[in-house]
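Please read them with the structure open.

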Amino acid sequence: MRALLDTSVLIGAAAPPGHVEGAISVASITELHFGVLVARDEDERARRIARLVAVEATFDPLAIGVEVARVWGQLAAAVTRRGGDPRRRQIDLAVAATAVAEGVPLLTENVADFEIIADLLDARRPVDA
């Protein structure tokens, strides 16, 4: 099964199921770099750098091109129409838009974050994939 791995999966303790052919969004690389830069102690920074290096060596991230940008705008508009604040979760919406544009489910540890757009996005926990 093809799926997009959310940043929450990349930093989680459990690996995605073996039957999943995983891809990532370039937006997840953004979040991982941010995590390195805001780490408060050297040991945590070192762990985050090691994770970032492993992710960058493993994946060729999917870009945010015009199609992803269109879907991202549609998802943000849907969140707004439904009473949510898309500005608080822009990177999450970029990752979600990448999954929608690619036509694959989003594997995430944070399915609840996407409930407001559950009809527009197939978000699943990795254990449910």
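Predicted model: local features only at pLDDT ≥ 70, side-chain atom pairs only at ≥ 80, totals over all residues.

1. Of the 129 residues in the protein chain, 35% are buried.

2. Fold elements. The protein chain contains five helices and four strands. Their order along the sequence is β-α-β-α-α-α-α-β-β. The radius of gyration is 14 Å, close to the 14 Å that the globule rule gives for 129 residues, so the chain is as compact as a globular protein of that length.

3. Extent and contacts. Along the principal axes, the C-alpha atoms fill a box of roughly 45 × 35 × 25 Å. Taking contacts between residues at least 6 apart in sequence, 54% join residues at least 24 apart.

4. Thr-108, position. Thr-108 sits in the loop between strand E3 (106-107) and strand E4 (123-124). Is Thr-108 buried or exposed? Its relative accessible area is 0%, which is under the 20% cut-off, so Thr-108 counts as buried.

5. Thr-108, partners. The side chain of Thr-108 makes a polar contact of 2.7 Å with the side chain of Asp-6, and another of 3.2 Å with that of Ser-8. Leaving aside neighbours within four places in sequence, Thr-108 also has Val-9, Phe-114, Ala-123, Arg-124, Arg-125 and Pro-126 among its contacts.

Note on methods
Residues numbered from 1 in each chain as written. Heavy atoms only, no water. Helix = DSSP H or I, 4+ residues; strand = E, 2+ residues; numbered from the N terminus. Rg over C-alpha atoms; globule rule 2.2 N^0.38 Å. Buried < 20%, exposed > 50% of the residue type's maximum accessible area, 1.4 Å probe, protein only. Contact = heavy atoms within 4.5 Å. Polar contact = N/O pair within 3.5 Å; in protein donor to acceptor, adjacent residues only side chain to side chain.
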